[in-house]
Amino acid sequence: MPNAFHAMHRIPVDGEYVVKVVLGGLRPKSSQPVAITLWVDEKLVHTGAHDQEGAASFADDRQDFGGQAVQMKIRLTAGDHWISVAIPRIYEGLPARFDGPNPSTRPDPPREFKPPANAPPERLEQLRKRFDDATVELAKIPLNGVRVNVVEIGGPYSYSKGPSRASLEKVYTCGHLNGQHQRTCMPRIMTDMARRAFRRPVTTREVERYIALAERAQKEEQSFDEGLAVGIQALLVSPDFLFRIERDRAAASSSSPGYRLTAHELATRLSYFLWASMPDTELRRAADSGTLRDPQILAYQVRRMLRDPKAHALAENFGGQWLQFRALESLTRDRDKFPEFEDYLRLSMRRETELFVDSIVRNDRSVLDFINGRYSFLNERLARHYSIPNVTGPEFRQVDLTGTPRGGVLTQGSILSVSSYATRTSPVLRGKWVLDNLLNAPPPEPPADVPNLDDSNIGTSASMREQLEEHRKNTICASCHRRMDPLGFGLENFDAVGAWRDKEGKFPIDASGQLPDGRRFTGPDELRNILSADREAFARAITSKLLTYALGRGLERYDQRTVKLIASRLPKYDYKFSGLVLEIVNSLPFQSRRSSTDVPTATRPTAANSSSSQ
């Protein structure tokens with residue numbers, strides 16, 4: 001979509017919203033009205049038009065859109081949305097003299113110099129020069145100069161006030177949605193609410209203070225609802241709600257420093273692992289009945305939860321952390337060197353990787369697809385960036401990459417961009433990314449006194465490879481660079497925004513590399529083949545990354561045995577994603593917790609991590 005605006009925006013509640021589009025730029029006089037299209041989550045929701053000819057303007061020889069606005073009213077649901085405003089078919093509707101498609105039908109008389117009568121020669125010369133200068137300036141007006149400057153979203157309007165019936169049913173578990181409450185209603189509601197908020201059973205003594213607070217507020221305000229609201233507010237500021245708390249207990253034996261989690265602690269770990277949210281009714285019911293630890297029940301719950309739309313949190317949160325595509329939000333590029341890198345391309349890159357990860361999770365594909373999957377999810381903008389034909393429209397769809405140099409996450413624009421600098425590629429950064437994220441073998445940090453690479457001559461008097469070879473002459477640097485650089489060289493055909501190239505400046509790309517063990521390759525396909533052949537290394541890497549995410553903490557030395565054991569079992573699942581999750585969920589680190597050595601019999605709460613349960 002040309003001359004467009006793209007952004008993610010959070011809508012607070014369901015309702016009507018007014019989208020105000022402030023325009024800018026110029027168009028030739030006598031052009032037809034421009035179309036304004038509004039897209040929400042890749043779907044066209046509104047099409048309007050703006051006619052500058054009828055708008056107030058100081059210019060009578062051009063269409064000046066500066067400061068002019070178009071308003072569109074639409075209905076939006078609560079949540080994060082990808083909002084896009086575009087001006088399509090920008091070359092249509094121009095005056096016929098420009099020979100464009102669908103020319104304007106408006107009169108377009110040629111400009112004529114019409115001096116005032118009886119003007120003195122000096123004045124005529126002045127006016128003639130002004131006319132000639134304006135003619136030259138008009139010739140410079142870009143045919144596609146009209147653009148979207150600012151987008152403002154106002155609202156909500158016409159939204160439903162008050163809680164929905166579904167919400168009332170969740171709160172008023174006593175069944176009295178329309179009042180007529182009895183003395184037992186407040187204790188019952190507060191107890192049920194506390195169970196859900198704290199994600200575990202609650203004792204009578206524990207919930208008494210919340211009931212007492214609610215009843216006191218009810219008496220003061222002379223309103224059951226007001227009293228209940230105060231009680232719920234107290235629950236929602238409790239540490240038991242705000243944090244995932246696993247209470248410390250004594251070790252099961254002197255030989256073992258840990259203890260098994262309770263069924264409800266296990267349910268909470270599982271739900272935040274797969275959904276980044278609290279357990280649902282079915283998972284709580286399995287914990288309440290004590291059947292969650294049954295291997296068949298646990299496996300059923302895992303597979304059910306992976307099929308649920310809430311499992312998209314794995315793609316967004318785990319994928320974003322592991323593959324680092326969240327860094328795209330703050331990524332900048334040199335506009336002179338990469339003018340094609342704009343917000344639409346940036347958001348499309350992120351969306352591709354999110355959809356790719358989500359496809360592996362939801363369709364239970366092999367985790368090896370992260371390395372060699374010959375498919376991806378593209379829209380027209382991203383396909384054009386990748387030089388892949390026959391993909392039209394803004395909607396993302398699965399595309400077969402057979403016959404192209406792309407496959408897996410390593411050749412996706414998001415990964416190639418976050419592992420580059422603003423002005424150039426970096427075989428070092430890309431090699432480090434592969435070692436860290438696909439092989440779980442990160443190199444050490446460089447010494448503080450090592451000088452940076454001189455990139456001022458790259459592409460002009462020396463290639464990137466020649467500059468790095470010079471850099472590696474430093475013996476301190478050589479040991480790490482001989483591991484990183486070859487991996488990065490295999491991706492050098494992709495520039496700093498992930499587009500294919502055959503040359504770097506005037507130098508042909510040399511995408512060959514030799515690993516420390518002697519294996520050689522040329523280009524991204526052969527590099528992928530080498531990484532695919534080393535399945536054990538990748539299995540340990542993704543196990544380590546996903547186990548870290550599942551536990552909400554960094555892995556310790558004693559966790560490595562578990563990582564190796566889980567990785568060794570993946571072949572029996574054909575490396576399917578669900579197999580990896582099941583092995584993690586059944587592992588000792590996931591189902592147990594180490595006891596504090598300083599308070600062996602403590603009952604004080606300790607936060608397992610800082611994840612909010614909201």
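## Rings, strands and a core

Visitor: How many aromatic pairs does a search of the whole structure find?
Guide: In this predicted model, the search turns up 12 aromatic pairs.

Visitor: Why is the pair of phenylalanine 318 and tyrosine 549 called tilted?
Guide: Planes under 30 degrees apart count as stacked and over 60 as edge-to-face, with the rest tilted. These two planes make 55°, so by that rule the pair is tilted. The centres are 5.5 Å apart, and the cut-off for a pair is 6.5 Å.

Visitor: What does that pair tie together?
Guide: Phenylalanine 318 sits in helix 10 (residues 312-323) and tyrosine 549 in helix 19 (residues 535-551), so the pair ties together parts that are 231 residues apart in sequence. Both residues are buried.

Visitor: What makes tyrosine 375 and phenylalanine 377 an edge-to-face pair?
Guide: Their planes stand at 90°, and over 60 counts as edge-to-face, so the name follows. Their centres are 6.3 Å apart.

Visitor: How do you know that arginine 406 has its charged end over the ring of tyrosine 386?
Guide: The charged end of arginine 406 is 3.7 Å from the ring centre of tyrosine 386. The rule asks for within 6 Å, and also within 35 degrees of the ring normal. Arginine 594 likewise lies over the face of tyrosine 558, at 4.3 Å from the ring centre.

Visitor: Why do strand 7 and strand 9 count as edges of the sheet?
Guide: The open sheet has three strands in the order 7-2-9. Strand 7 (69-76) and strand 9 (147-157) each have a single partner strand, so one side of each is left without a neighbour in the sheet.

Key:
Residues numbered from 1 in each chain as written. Predicted model: local features only at pLDDT ≥ 70, side-chain atom pairs only at ≥ 80, totals over all residues. Heavy atoms only, no water. Pairing = 2+ DSSP bridges. Helix = DSSP H or I, 4+ residues; strand = E, 2+ residues; numbered from the N terminus. Phe/Tyr/Trp six-rings, centres within 6.5 Å; stacked < 30°, edge-to-face > 60°. Buried < 20%, exposed > 50% of the residue type's maximum accessible area, 1.4 Å probe, protein only.
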